[in-house]
Amino acid sequence: MGRRAGGAAHPRRGVSLSVAIRRRQGDFTLDVAFDAPNGVTVLFGRSGAGKSTVVSAVAGLLRPDAGRIAVNGRRLFDTADATDVPVHRRRAGVVFQEPRLFPHLTVRDNLLYGRRAGRARGDGPLGEVTELLGIGGLLERRTAGLSGGEASRVAIGRALLSEPDFLLMDEPLAALDAARRAEILPYLERLRDGARMPILYVSHNLAEVARLATHLVVLEDGRVARAGEPETLLSDPELVRLFGLREAGAVLRARVEAHAEDGVSELSISGGTLFLPRIDAAPGTPLRVRILAQDVMLATERPRGISALNVLPVTVVALRYGGGPGVTAQLAAGDDRLLARVTRRSAAALGLSPGTRCYAVLKSVAVAPADIGGPGGDAAG
Ligand SMILES: Nc1ncnc2c1ncn2[C@@H]1O[C@H](COP(=O)(O)OP(=O)(O)OP(=O)(O)O)[C@@H](O)[C@H]1O
């Protein structure tokens, strides 16, 4: 495998999927350019923004009018010289919203089907993949009786066993309820942290973005509105209109410090300490924590006699006024950014403006367990 040997000489960071394509379909024009580095690049956008069109083009299922798609320098599509590698030679592992398993085959045979369709030899990868996804106990089961979460994990396993150069995941959790999604997210975090390949992951669920993304591309009307680090984009008040007022929230990097006997866990963040309901992770564990803008209150003086456990000194960085009664405040808490959603009336009463020093108040129980996950990126592992 000379191709692999050549690739191994490059640092892991150099691995990426690069997409620059244009396509018209009816009234809609897709015109996007972005890179998906090693890790999980979430393609986020409202319904109709063009997410599935991008994935289909990268998979080779539909043809752009113009542009270039390459993975690790290997061109899959290029109108400059009419390169158009057929679907089965693109070495893409594709996972759709519905698992699309063969109902008459066992889990093992479904997984091996992926392997036979790919290039892998030997049994090694099967053990690794079933271990990664926690499906070792399901191997002899027929797929018809699997739960939605189990079937999704088998579909991901099948894609991985084809030993792809990259993964395309088009809303793989969208058909699952919140409990099943919560069950599968830790496996996706393990996949993100263990897989040495670009993963392009379509989602319009911000909780998933906050948990999984190492890179974020926000699509709007067929164009890239913004691309960059999820922490930066999720805490950008200008993007709240695309994220939705109720869903908007920042992601903080935190570290578990201690667990108190009364069930409260103590986490350090760059701007102080967070107290959250007990988190099942040992002291020292790095985590990312999503804090919704609507759960953060602001006070110009340190409140006393208040039940909320979290009172963080912050500085207002920016205020974003929309057309309605609300304002989104971007706050600096140490090196981290927080968002707070308050009314115009409160912002005026408190005299908020960029540079105002104040206190962000957060109820401990406002942070849902699903909004706390592994760190991803350089802190992973
Ligand atoms: N074959 C087609 N002919 C004309 N228009 C199309 C065709 N396929 C898709 N479109 C349009 O292209 C746009 C982008 O569709 P796409 O499915 O990529 O969006 P999406 O972001 O994946 O949306 P969703 O989240 O709803 O799946 C939509 O306006 C859609 O109606």
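Into which domains is the protein divided? The division is into domain 1 (2-241) and domain 2 (250-379), with bounds that come from an automatic or database domain assignment. The model is predicted, so that local features need pLDDT of at least 70 and side-chain atom pairs count only at pLDDT 80 or more, while totals for chains, interfaces and linings use all residues. Residues are numbered from 1 along each chain as its sequence is written.

The centres of domain 1 and domain 2, taken over C-alpha atoms, are separated by 31 Å. Their contact (C-beta atoms, placed from the backbone, within 7 Å) takes 18 residues from domain 1 and 17 residues from domain 2. On the side of domain 1 that touches domain 2, the helices in the table each supply at least two residues; helices are DSSP runs of H or I with at least four residues, and strands are runs of E with at least two.

| Helix | Residues |
|---|---|
| H6 | 178-194 |
| H7 | 206-212 |
| H8 | 230-234 |
| H9 | 240-243 |

Among these, H6 gives the most to that side, with five residues.

Over residues 305-371 the chain is 10% helix and 51% strand, and the end C-alpha atoms lie 28 Å apart.

Definitions and conventions
Contact = placed C-beta atoms within 7 Å.
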